[in-house]
Amino acid sequence: MDKNSQFTFEAIFEQNQRRIHYHIHKLCINDPHQEFYQEGLFAMWNAYKTYEPDKGVMSTYFNYTIKNRLIDLMRKKSREQQNEGACVQEIGNRTYNSNHIRKSNALIPYITDIPIDDSSTMIWEHVKSLLTESQWSWVYHYIILNMSVKEIAEQEGTTIEAVKSHGKRARKRLREAGLKELMRELD
């Protein structure tokens, strides 16, 4: 707006204050902290400063500027919420690592440095003695190292179907051997 303008911003604000409320209501914005109102007020001030009378009606320019600034703020808030959700999800994924084959949806804590005592070493050695080399490879990589079937296949230089087959046979063999046999070996 040119410097010789007959209207001050305060006068323009008094006449157009309801425009901000109108756009907040029209866009269905819940504004308990007056954050969007402040953004609309700032947009009105910018529109007042940049308005050129020969380009159009001031009220139309105010409406356009306020509405677009409020929409931009809504988009910004939405992106922030998505980013916060992604961060929370990532932290949850790092804290809890769920096994997707199990029927339970309960999350299992992901602990990288589990101390292995003599009894657990004996259990794993006994499990290893019950299985073939490829079945043990599946148990070691899939259960102990928590690798995916695809990662195991790439590391072993085989197909995903072969890794799944080793896992199926390993589970079957361990079910047949049963937990009682493992406990007898430890005693």
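This is a predicted model: local features need pLDDT of at least 70, side-chain atom pairs count only at pLDDT 80 or more; totals for chains, interfaces and linings use all residues.
Figure 1. Helix α6 covers residues 149-156. Its buried residues are Val149, Ile152 and Ala153. Viewed down the axis of α6, these buried residues fall within an arc of 100 degrees, so they line one face of the helix. An α-helix has 3.6 residues a turn, so residues three or four places apart point the same way. Lys150, Glu154 and Gln155 lie on the other side of α6 and are exposed.

Figure 2. Asparagine 146 is placed in the loop between α5 and α6. Most residues other than glycine have a negative phi. Asparagine 146, although not a glycine, has a positive phi of about 55 degrees. Its relative accessible area is 34%, so asparagine 146 is partly exposed. Leucine 145 lies in the loop between α5 and α6 as well. With a relative accessibility of 38%, leucine 145 also counts as partly exposed.

**Figure 3. A nonpolar patch on the surface.** The patch is formed by Trp124, Tyr140, Ile143, Ile144 and Leu145. Together these residues have about 400 Å² of accessible area. Helix α5, residues 133-144, supplies the largest share of the patch, with 3 residues. Leucine 145, a member of the patch, belongs to the loop that runs between α5 and α6.

**Figure 4. Glutamine 34 in the loop between α1 and α2.** Helix α1 spans residues 9-26 and helix α2 spans residues 35-50, with glutamine 34 in the loop between them. Phi of glutamine 34 is positive, near 60 degrees, and the residue is not a glycine. Glutamine 34 has a relative accessible area of 37% and is therefore partly exposed.

Figure 5. Glutamine 17 is located in α1. Its relative accessibility is 26%, so glutamine 17 counts as partly exposed. When neighbours within four places in sequence are left aside, glutamine 17 is in contact with Tyr37 and Met44. Methionine 44 is 27 residues away from glutamine 17 along the chain, and the C-alpha atoms of the two are separated by 8.9 Å.

**Figure 6. The segment annotated in UniProt, residues 144-174.** An unreviewed UniProt entry lists residues 144-174 as "domain: RNA polymerase sigma factor 70 region 4 type". Over residues 144-174 the chain is 77% helix and 0% strand. The C-alpha atoms at the ends of this segment are 15 Å apart.

**Figure 7. The whole chain, for orientation.** The protein has 7 helices and 0 strands, and from the N terminus on its elements run α-α-α-α-α-α-α. Of its 187 residues, 25% are buried. Among contacts with a separation of 6 or more, 57% are between residues 24 or more positions apart. The protein exposes about 14100 Å², and carbon and sulfur atoms supply 53% of this area.

Key. Residues are numbered from 1 along each chain as its sequence is written. Side-chain values use heavy atoms; hydrogens and water are left out. Patches are made of residues with over 30% relative accessible area and no salt bridge: like charges are joined within 9 Å, nonpolar side chains (Val, Leu, Ile, Met, Phe, Trp, Tyr) within 5 Å. Accessible areas come from the Shrake-Rupley method with a 1.4 Å probe; for residues, only the protein chains shown count as cover. A salt bridge is a side-chain nitrogen of Lys or Arg within 4 Å of a carboxyl oxygen of Asp or Glu. Helices (H or I, at least four residues) and strands (E, at least two) are DSSP runs, numbered from the N terminus. Buried means under 20% relative accessible area, exposed over 50%, partly exposed in between (1.4 Å probe, protein chains only). Contact means heavy atoms within 4.5 Å. UniProt positions are given in the numbering used here, feature names are shortened, and annotations may be inferred rather than shown by experiment. The arc is that of the directions from the helix axis to the C-beta atoms.
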